[in-house]
Amino acid sequence: MTSTLDTARLVEGLREQTEGFGRAVAGRAPDTRVPTCPQWPLRTLVGHVGQEHRWAAELVRRRAQLPVPDPQEADPGSPGGWARWLREGVEELVGAIRRTGADTPLPTFIGPRPAAFWLRRVLSDTCVHHYDAALATDTAFAIAEDLAADVIAEHLDLLSTPAFAAIRPAVAELRGHGERLGFRPASAEGWTVTRTPEAVRWERGPVDADVVASGAVADLMLLLSRRLPPDNDRVAVTGDRPLLDHWLTHTAF
């Protein structure tokens, strides 16, 4: 589970996406509906993102696993201060990574990984929730292609890690007998996923699969994170559509 991005770019990307998230939510009504997270009002979404940054920082500092916090208990303060509060959480995590060392092995929910694992995990979550916030507040969403591509890779890395099925049992349903799913962007190499009896496998390169979803890298990221449905006109699907539907049904996390 090695990122294609170095630590400096992961840090820069986390700052970029958190700034965008902060602009989208600053000063907004706390009870604003979030269509892609219908169980959460905007205040809870903001609280979750800032809480996750701080929680990851504490994991890195302690070099230990800690209970996952309840987003409902996060206190992001007043909407006018949300952007600043979010930035402070990012810097807390960045500081913890730097002091500990990005390559220092730490325990994680899928076994020992370098400390940068948490930076990448938090960045992926922040990118997706930036979209949630932008949609909720009718704000433009933007993400650099390299970041969107790494969110896709991180997502597939988790799904193909056997230990992940222990905490997300639905992932075990993704095993198969050689069925292939492809995700093909217009401007870069794509991703091909193969369902084997043992686990999910994936590779980057030319796409040849039983079902292929094509679109911009950012839109494929949103498709895989279940933010865009397969019938959205920003994505073109060819081949075995039920295979893609089954995949998306069992990859929620």
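Which residue in S5 is the bridge partner of arginine 195? In this predicted model, the partner is valine 200. The pair belongs to the contact between S4 and S5, two strands that run antiparallel and are joined by six bridges.

These two strands are part of an open sheet. The sheet has five strands in the order S5-S4-S3-S6-S7, and the pairing is mixed. Strand S5 (200-205) and strand S7 (236-239) stand at the edges. Each has a single partner strand, so one side of each is left without a neighbour in the sheet. On average, neighbouring strands are turned by 15° against each other, direction ignored.

Further along the order, S3 and S6 run parallel and are joined by five bridges. Here phenylalanine 183 stands opposite alanine 213 in S6. S6 and S7 run antiparallel, with four bridges between them. S6 itself is mostly covered, with four of its five residues buried.

Strand S4 spans residues 190-195 and contains threonine 192. Is threonine 192 buried or exposed? Threonine 192 is buried, because its relative accessible area of 5% falls under the 20% limit. Its contacts beyond four places in sequence fall in several stretches of the chain. They include Arg180, Leu181 and Gly182. Arg201, Trp202 and Glu203 also touch threonine 192. Pro206, Val207 and Asp208 complete the list. In a regular strand, side chains alternate between the two faces of the sheet.

Two packed helices are described by the angle between their axes and the distance between the axes. Helix H5 (residues 145-159) and H7 pack at an angle of about 30°, and their axes are 8 Å apart. H5 is therefore roughly parallel to H7, since angles under 35 degrees count as such. The crossing of H5 past H7 is left-handed. On the H5 side, the contact is made by Glu145, Ala148, Ala149, Val151, Ile152 and His155. On the H7 side, Val217, Ala218, Leu220, Met221 and Leu224 take part. Nine residues of this contact are nonpolar, one is polar and one is charged.

H5 has a further helix contact, with H4. H4 and H5 pack at an angle of about 115°, with their axes 10 Å apart. This crossing, too, is left-handed. From H4, the residues are Arg120, Arg121, Leu123, Ser124, Cys127 and Val128. They meet Leu147, Asp150, Val151, Ala153, Glu154, Asp157 and Leu158 in H5. Seven residues of the contact are nonpolar, one is polar and five are charged. Val151 of H5 is listed in the contact with H7 and in the contact with H4.

The loop between helix H4 (116-136) and H5 holds aspartate 138. Aspartate 138 has a positive phi of about 55°, although it is not a glycine. With a relative accessible area of 75%, aspartate 138 is exposed. Arginine 63 has a phi near 55°, again a positive value in a residue other than glycine. Arginine 63 is placed in the loop between helix H2 (42-62) and H3. At 46% relative accessibility, arginine 63 counts as partly exposed.

Helix H3 (residues 82-100) includes leucine 93. Leucine 93 counts as buried, at 0% relative accessibility. Which residues are in contact with leucine 93, leaving aside its neighbours within four places in sequence? They are Leu14, His53, Ala56, Ala57, Val60, Leu119 and Val122. Leucine 93 and glutamate 58 are 35 residues apart along the chain, and their C-alpha atoms are separated by 7.9 Å.

Key:
Residues are numbered from 1 along each chain as its sequence is written. This is a predicted model: local features need pLDDT of at least 70, side-chain atom pairs count only at pLDDT 80 or more; totals for chains, interfaces and linings use all residues. Side-chain values use heavy atoms; hydrogens and water are left out. Buried means under 20% relative accessible area, exposed over 50%, partly exposed in between (1.4 Å probe, protein chains only). Contact means heavy atoms within 4.5 Å. Two strands pair if DSSP finds at least two bridges between them. Axes are lines fitted to C-alpha atoms, for helices over the stretch in contact, and angles run from 0 to 180 degrees between N-to-C directions. Angles under 35 degrees count as roughly parallel, over 145 as roughly antiparallel, 65 to 115 as roughly perpendicular and the rest as oblique. A crossing is left-handed if the near helix is turned anticlockwise from the far one by less than a right angle, and right-handed if clockwise. Ala, Val, Leu, Ile, Met, Phe, Trp, Tyr, Cys and Pro count as nonpolar, Asp, Glu, Lys and Arg as charged, and the others, Gly among them, as polar.
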